[in-house]
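I went through it element by element and wrote down what I looked up.

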Amino acid sequence: MSGFIYCLYSSEDGVPRYVGRTNEKVSHRFKQHVTSALEQESGPVYDWIWSVWRDGHDIGVHTLQMGVVPKDMAMYEQYWIEQ
């Protein structure tokens, strides 16, 4: 089984603001982030999502890397965070 590295960004500027990893489809994980924000879970990611929405913009998701073997997920996630 392989995984994905993805990022979330605002439609305002397209700059990646969050990098994550998942073993599920990226679209499914993205829906989980949106649902958590709508349910007003606390945390930096969800606070950021709400601030983007309050400013009238959307959140987007982009797959950065696919086919990552489980033992390498953390390494590649950190690589993309540092970019």
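Which residues are exposed on the other side of α2? I found Pro-44 and Arg-54 there. I count a residue as exposed over 50% relative accessible area, as buried under 20% and as partly exposed in between, with a 1.4 Å probe and protein chains only.

**Ground rules.** I am reading a predicted model, where local features need pLDDT of at least 70 and side-chain atom pairs count only at pLDDT 80 or more, while totals for chains, interfaces and linings use all residues. Residues are numbered from 1 along each chain as its sequence is written, and side-chain values use heavy atoms, with hydrogens and water left out.

**Overall.** I listed 3 helices and 3 strands in the protein chain, in the pattern β-β-α-α-β-α along the sequence. Helices (H or I, at least four residues) and strands (E, at least two) are DSSP runs, numbered from the N terminus. The radius of gyration is 13 Å, close to the 12 Å that the globule rule gives for 83 residues, so the chain is as compact as a globular protein of that length. That radius is taken over C-alpha atoms, and the rule is 2.2 Å times the number of residues to the power 0.38. I noted that 34% of the 83 residues count as buried.

**Sheet.** I traced an open sheet of 3 strands, ordered β2-β1-β3, with antiparallel pairing. Two strands pair if DSSP finds at least two bridges between them. At the edges I found β2 (16-22) and β3 (59-68), each of which pairs on one side only. Neighbouring strands are turned by 20° against each other on average, direction ignored. Between β1 (residues 3-10) and β2 there are 6 bridges; Ile-5 has Arg-21 in β2 as its bridge partner.

**Helices on the sheet.** Helix α1 (residues 26-38) lies across β1, β2 and β3, at about 45° to β1. Helix α3 (residues 73-82) also lies across β1, β2 and β3, running at about 170° to β2. Axes are lines fitted to C-alpha atoms, for helices over the stretch in contact, and angles run from 0 to 180 degrees between N-to-C directions.

**Back to α2.** I listed Val-45, Tyr-46, Trp-48, Ile-49 and Val-52 as buried in α2. Seen down the helix axis, the buried residues fall within an arc of 160°, so they line one face of the helix; the arc is that of the directions from the axis to the C-beta atoms. Their cover includes β1, β2, α1 and β3.

**Cores.** A nonpolar core is a set of buried Ala, Val, Leu, Ile, Met, Phe, Trp, Tyr and Cys residues joined through side-chain atoms within 4.5 Å. The largest has 11 residues, including Tyr-6, Leu-8, Phe-30 and Trp-48. β1, α1 and α2 (44-54) each give two or more residues to this core, and α2 supplies the largest share, 5 residues. Apart from it lies another core of 5 residues, among them Ile-5, Val-19, Val-68 and Met-73. I also checked Ile-49, which touches His-33, Ala-37 and Ile-59, not counting residues up to four places away in sequence. Contact means heavy atoms within 4.5 Å.

**Backbone.** Gln-40, in the loop between α1 and α2, has a positive phi of about 60° although it is not a glycine. Most residues other than glycine have a negative phi. At 61% relative accessibility, Gln-40 counts as exposed. Gly-56, which follows α2, has a positive phi near 85°.
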